[in-house]
Amino acid sequence: MATDDQLTEEFEAERPRLVRIAARILGDPDAAQDVVQQAWLRLHGTTEPVDNLGGWLTTVTSRLCLDRLRARAPEPLEASHLDEPDVDAADPADEAVLADTVGIALQVVLDRLTPAERVAFVLHDTFGVDFPVIAAMLETSHAAARKLASRARAKVSLAAPEDALADWQVVDAFMAAARDGDFARLLELLAPDVLVSADAAAVTMGTPARMQGADEVAAFFNGGASTAFPVFVETRPGAAWIHRGEVKVAFDFTVEDGRVRRLEFRADPAALAAVRRRAGAAERTQER
């Protein structure tokens, strides 16, 4: 049983991640701080054992955000409150680096989504949370959670066509589609003549040396890249396979007109030295 000091220390280590999740869902940094503080109070007041603190806090924070969204725009067909989380649930968000803060235009689109659509979309497409976890959080089925995220994604796409998206949004949307096995979405995000290549070090680690054409590249990534993290490759938004804190392979993207034109797998030590994990909009601005 953790002492109060240990619990406080562990919570404070989780706090920045929880604030980012809440801020992304709610679109309000001040409200996000309030929600995370509520999550702390719930943790401090629970008498049940919490074996997976990160997963428990992720679920509590997301559910508190969901309640706030529903208070803004009530949905009669949905429950207004959700039970306490399964403390043994895995926390996929721990294995995904948080993507950049939503831009103003995209935030406006998010405000038009239903609370359930917004939570499903943000948790899955931004934080890589698996649909079974989201389904349990929303008290719905796996298929329904997937449909909510898909419906939200379609609304975002209609409101913000690819040629209006920032490069990091294209990269993150591509990686989300890869994780989700959304072949049609991958094709939308790839230039027809997209070229994938790899340096010698990456090839020795098992990456393909060359692929060309949207169909071939989409087929390769479809359902894959589940362990890739958002990063900067030099100043460019990209992704990387990171194992035990060490970057193994970087995915170096070239985005043109809202589509992936080139992608190079890079594992040369000099290239990997230029890889930095992405966090928020402030970091993106500094890198520019």
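Ala116, Val119, Ala120, Leu123 and His124 in helix 5 meet Phe131, Ile134, Met137 and Leu138 in helix 6, where contact means heavy atoms within 4.5 Å. By type, the residues of this contact split into eight nonpolar, one polar and no charged; here Ala, Val, Leu, Ile, Met, Phe, Trp, Tyr, Cys and Pro count as nonpolar, Asp, Glu, Lys and Arg as charged, and the others, Gly among them, as polar. Keep in mind that this is a predicted model, with local features needing pLDDT of at least 70 and side-chain atom pairs counting only at pLDDT 80 or more, while totals for chains, interfaces and linings use all residues. Residues are numbered from 1 along each chain as its sequence is written, and side-chain values use heavy atoms, leaving out hydrogens and water.

Now for the geometry of that pair.

On to the strands. Helices (H or I, at least four residues) and strands (E, at least two) are DSSP runs, numbered from the N terminus, and two strands pair if DSSP finds at least two bridges between them. Strand 4 (residues 236–243) runs antiparallel to strand 5 (residues 246–256) over five bridges, with Ala240 opposite Ala250 in strand 5. Their hairpin has two residues between the strands, and Arg244 takes a positive phi near 50° there.

Strand 5 also pairs with strand 6 (residues 259–266), in the antiparallel sense over seven bridges. Phe251 stands opposite Phe265 in strand 6. This hairpin has two residues between the strands too, with Asp257 at a positive phi near 55°.

Finally, follow strand 6 to another partner: strand 1 (residues 190–198) pairs with strand 6 in the parallel sense over five bridges. Within that pairing, Val196 has Leu263 in strand 6 as its bridge partner.
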